[in-house]
Amino acid sequence: MRRNFINLKIGAILFLIFIFYIGLFFISSLVSERQSYQQQVIRDIANEQIRPQQIVAPYLKLPYQVQTTCTDEQKKSYPCTQTLFVAIGAETTDWNAQFKVSDSTYRRNIYKAISYQNLMSGKGTFKAIDNEAKRDYLWEQAEIIFPIQDARGLNAKPVFNIDGKVYKFDFSEQSQGQRGFDLMHLTAKQYPELVQKFQQGFKFGLQFELEGLSEFTFIPTSYEMTYQATGNWGDVKYDGQSLPFKKSSEKRQFQADWKNIALGKRNLENVSLCENSQCFYKILNAQDPVPTAAVEAYETGTPANISGISTQFLEAVNIYTQTDRAIKYGVMVIIITFGCFFLFEILKQLKIHPVQYALVAMAQGVFFVLLLSISEYYAFALAYLAAAIACVGLITWYLYFVVKGIKPALLFGILLGVLYGMMYLLLQSSGKTFLFGSILSFILIACVMFITRHVNWYQSEQQNQ
């Protein structure tokens with residue numbers, strides 16, 4: 001026997017743990033690669049079929065003329081007429097969005113994307129135009145503007161009800177840029193009777209159904225606004241410059257309510273000068289400097305500040321995130337397993353060869369590969385159960401021959417089963433992971449200290465010389 005048996009065994013165990021850690025790194029890279037495939041599928045669906053949706057609540061775009069001074073090519077000044085625009089939002093609005101969410105509509109092989117059908121309705125009031133500034137309004141060119149991120153998601157033209165009469169939005173000439181918004185409008189030129197409505201104020205109702213991918217953003221333009229979103233999905237994330245003042249979420253149901261008096265006015269100042277789809281795309285995605293209500297802000301390149309309300313639908317269980325989190329516990333699992341083997345050697349005076357340690361470590365590494373591959377086809381909980389049973393069963397069977405007894409092998413099998421069960425609970429604990437993990441670590445070290453409280457380590461080393 002070697003003289004420093006315990007020290008050599010500890011060194012061998014630490015080396016095997018290091019090799020196992022490197023193996024986990026490569027498995028984690030495999031998870032990232034598979035996740036990137038899924039993200040690429042979602043990007044392809046967004047480019048080819050449907051995108052996440054953003055809509056801007058309808059507002060009145062009213063042109064007016066002002067007398068100013070222009071400069072010709074010879075830098076000579078001359079009087080001229082310039083056409084400007086003012087954006088006027090509704091005084092009050094009430095919006096309701098009913099989402100029907102599914103993860104089975106858009107699929108590519110084993111990969112799938114979350115999509116929704118949003119049945120949205122709204123009502124509100126535009127007040128009469130107050131022309132205290134004595135502007136020369138061009139009423140025959142006035143129009144109601146309704147920008148939509150991707151009109152491919154519409155199954156019909158949105159219906160706009162003005163004082164009981166129904167109109168349908170049409171696409172404007174500045175619509176449908178390659179990466180821009182689809183601008184829909186109702187013009188006084190097309191419906192001359194709307195001029196009187198625009199001047200005197202009117203009540204409106206709007207209803208449409210819009211399909212989108214994973215996220216919906218509503219951008220209000222009214223001075224007072226209420227907004228309610230409901231749907232058949234439990235995992236929902238709310239974002240934007242206004243969060244719901246009331247929300248509830250169950251397994252397959254959610255509801256959220258907003259109320260705000262500031263968002264609409266701020267948004268009108270930023271979208272009022274947009275005349276084409278590319279401008280809306282830039283201003284709502286904050287990529288490039290765009291014109292704002294203040295000319296100085298545009299000249300200095302200050303990006304627009306758009307205030308939206310975002311509802312994002314998340315996967316109930318993201319298998320790649322969960323698998324990656326499980327891998328982070330892999331080192332803890334192998335340390336506990338090797339620690340149990342080592343204690344068994346000390347207490348029962350039965351030697352376990354480093355090759356046998358290595359084979360058990362490889363079996364536990366395969367657990368994560370099984371978990372990833374099975375979870376891409378079946379529910380994560382079922383995949384975890386199948387991979388754990390396979391791994392624990394294999395190791396228990398192997399240990400029957402290593403420790404030469406059914407009882408010690410079953411004891412190790414039960415211990416591994418409890419360990420994988422605890423790891424699953426940690427994966428599901430979300431925000432309390434750190435708390436549960438620290439408690440579990442304390443319990444484990446307390447168990448080791450209790451079991452080895454009577455061990456004479458010097459005597460154990462001498463017995464192995």
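**Figure 1. Contacts across the protein chain of the predicted model.** Among contacts in the protein chain between residues at least 6 apart in sequence, 74% join residues at least 24 apart. The protein chain contains 12 helices and 18 strands. Of its 465 residues, 45% count as buried.

**Figure 2. Helix α8 against helix α9.** Helix α8 spans residues 354–375, and its axis comes within 8 Å of the axis of α9. The two axes cross at roughly 160 degrees. Angles over 145 degrees count as roughly antiparallel, and α8 and α9 are therefore roughly antiparallel to each other. The crossing of α8 past α9 is right-handed. On the α8 side, the contact involves Gln356, Leu359, Val360, Ala363, Gln364, Phe367, Leu370, Leu371, Ile374 and Ser375. These residues meet Phe380, Ala383, Tyr384, Ala386, Ala387, Ala388, Ala390, Cys391, Leu394, Ile395, Tyr398 and Val402 in α9. Sorted by class, the contact of α8 with α9 has 19 nonpolar, three polar and no charged residues.

**Figure 3. Helix α9 against helix α10.** Helix α9 covers residues 380–402 and helix α10 covers residues 406–428. Their axes come within 9 Å and cross at roughly 155 degrees. Helices α9 and α10 are therefore roughly antiparallel to each other, and their crossing is right-handed. From α9, the residues in contact are Phe380, Ala381, Tyr384, Ala388, Cys391, Val392, Ile395, Thr396, Leu399 and Tyr400. From α10, the residues in contact are Ile406, Ala409, Leu410, Phe412, Gly413, Leu416, Gly417, Tyr420, Met423, Tyr424, Leu427 and Gln428. By class, the contact of α9 with α10 comprises 18 nonpolar, four polar and no charged residues. Cys391 of α9 takes part in the contact with α10 and also in the contact with α8. With a relative accessible area of 3%, Cys391 is buried.

**Figure 4. Helix α6 against helix α8.** Helix α6 consists of residues 319–328, and its axis comes within 10 Å of the axis of α8. The axes of α6 and α8 cross at roughly 170 degrees, which makes α6 roughly antiparallel to α8. Residues Ile319, Tyr320, Thr323, Ala326 and Ile327 of α6 make the contact with Phe368, Leu371, Leu372 and Ser375 of α8. By class, this contact of α6 with α8 has seven nonpolar, two polar and no charged residues. Leu371 and Ser375 of α8 contribute to the contact with α6 and also to the contact with α9.

**Figure 5. The disulfide of Cys70 and Cys80.** The structure holds one disulfide. A disulfide is a covalent bond between the sulfur atoms of two cysteines. In this link, the sulfur atoms of Cys70 and Cys80 lie 1.7 Å apart. The link of Cys70 and Cys80 is right-handed, with 70 degrees about the S-S bond. Cys70 belongs to strand β2 (residues 59–71) and Cys80 to strand β3 (residues 77–88), the two cysteines being 10 residues apart. Cys70 counts as partly exposed at 23% relative accessibility, whereas Cys80, with a relative accessible area of 11%, is buried. The cut-off for buried is under 20% relative accessible area.

**Figure 6. Gln53 and its contacts.** Gln53 is placed in strand β1, which comprises residues 53–56. At 1% relative accessibility, Gln53 counts as buried. Leaving aside neighbours within four places in sequence, Gln53 is in contact with Tyr116, Ile148, Gln149, Asp150 and Gly153, among others. Its contacts also include Leu210, Glu211, Gly212, Glu215, Phe216 and Thr217.

**Figure 7. Asp163 in a loop between strands.** Asp163 is found in the loop between β8 (159–162) and β9 (165–168). Although Asp163 is not a glycine, its phi is positive, at about 50 degrees. With a relative accessible area of 40%, Asp163 is partly exposed.

**Figure 8. Ser214 in a loop between strands.** Ser214 occupies the loop between β12 (202–213) and β13 (215–219). The phi of Ser214 is near 65 degrees, a positive value in a residue other than glycine. Ser214 is partly exposed, its relative accessible area being 22%.

Definitions and conventions
Residues numbered from 1 in each chain as written. Predicted model: local features only at pLDDT ≥ 70, side-chain atom pairs only at ≥ 80, totals over all residues. Heavy atoms only, no water. Axes fitted to C-alpha atoms, helices over the stretch in contact; angles between N-to-C directions. Helix = DSSP H or I, 4+ residues; strand = E, 2+ residues; numbered from the N terminus. Parallel < 35°, antiparallel > 145°, perpendicular 65-115°, else oblique. Left-handed = near helix turned anticlockwise from the far one by under 90°. Contact = heavy atoms within 4.5 Å. Nonpolar A, V, L, I, M, F, W, Y, C, P; charged D, E, K, R; others polar. Disulfide = S-S within 2.5 Å. Buried < 20%, exposed > 50% of the residue type's maximum accessible area, 1.4 Å probe, protein only.
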